[in-house]
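Please go through them with the structure open.

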Amino acid sequence: MLSHLTSSDSLLGNAFPAFDYALAPWDGLDFLAFNPTSPNPVTSSSASDDPKTTPADQKPPSDQSNRVVSFTEERKRRRMISNRDSARRSRMRKQRHLENLRNQMNLFRVENRELNNGFQFLLHHCNRLRTENEWLRSERTMLRQKLADINQILLFRQLQPFSTAWPCNIVMTE
């Protein structure tokens with residue numbers, strides 16, 4: 001087993017220099033199952049820790065092993081329940097978030113439709129004003145032309161009495 005290799009073994013070298021006491025990081029995690037109410041220390045249950053012992057020699061007291069097993073099983077069960085609750089809360093959060101996004105999308109669609117309707121109204125109103133403006137400009141041009149014609153006629157009538165008195169305008173008939 002790798003836990004029996006020491007830093008002096010030249011085959012693998014020391015992959016974990018901080019663990020020079022001949023234990024790999026994955027060994028010795030049995031202390032996590034320590035029960036503080038138990039008067040007996042928790043021992044390792046793997047048969048490969050001591051090559052001199054046989055599996056028959058390593059029978060721990062059944063009460064202590066049951067406590068360790070029940071403690072770890074209880075921790076696993078509580079962790080599983082906690083994970084299920086966390087996943088359920090996460091799914092509910094996700095569902096609420098999706099519902100909020102759908103509501104926002106519907107509100108944005110309504111707002112977009114209203115803005116589009118307002119834009120179409122303004123576009124129609126702008127086109128109507130543009131048409132009316134073009135009609136008013138053409139009418140202004142026509143009225144200016146009429147006014148210029150009327151001014152010319154009035155000027156001609158004002159000058160007409162003087163034109164008969166001028167000697168160059170007298171035509172003699174023979």
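**Notes on the salt bridges and confidence**

1. Start with R77. R77 has a relative accessible area of 40%, so it is partly exposed (buried means under 20% relative accessible area, exposed over 50%, partly exposed in between, with a 1.4 Å probe and protein chains only). This is a predicted model: local features need pLDDT of at least 70, side-chain atom pairs count only at pLDDT 80 or more, and totals for chains, interfaces and linings use all residues. Residues are numbered from 1 along each chain as its sequence is written, and side-chain values use heavy atoms, with hydrogens and water left out.

2. What does R77 pair with? Its side chain meets that of E74 in a salt bridge, at 2.6 Å from N to O. A salt bridge here is a side-chain nitrogen of Lys or Arg within 4 Å of a carboxyl oxygen of Asp or Glu. Both residues lie in helix α1, residues 62–165. They sit three residues apart, about one turn of the helix. Helices (H or I, at least four residues) are DSSP runs, numbered from the N terminus.

3. E74 is partly exposed, at 29% relative accessibility. E74 also forms a salt bridge with R78, at 3.8 Å from N to O. E74 and R78 are four residues apart in helix α1, so about one helical turn separates them. R78 is partly exposed, at 44% relative accessibility.

4. How many salt bridges does the structure hold? It holds three. One of them joins D85 to R88, with the closest N and O atoms 3.9 Å apart. D85 and R88 are three residues apart in helix α1, and so about one helical turn apart. D85 is partly exposed, with a relative accessible area of 30%. R88 is partly exposed, at 40%. Shared partners link E74, R77 and R78 into one network of salt bridges.

5. Now the confidence. The protein chain averages a pLDDT of 75, where pLDDT is the predictor's confidence in each residue, from 0 to 100. A score of at least 70 is reached by 56% of the residues. Over residues 1–12 the pLDDT is below 50. Beyond near neighbours in sequence, that stretch has 14 contacts in the model (contact means heavy atoms within 4.5 Å).

6. Residues 18–23 also need care. Their pLDDT stays under 50. The model gives them six contacts beyond four places in sequence. Where pLDDT is low, the predicted coordinates should not be read in detail.

Notes. Helix = DSSP H or I, 4+ residues; strand = E, 2+ residues; numbered from the N terminus.
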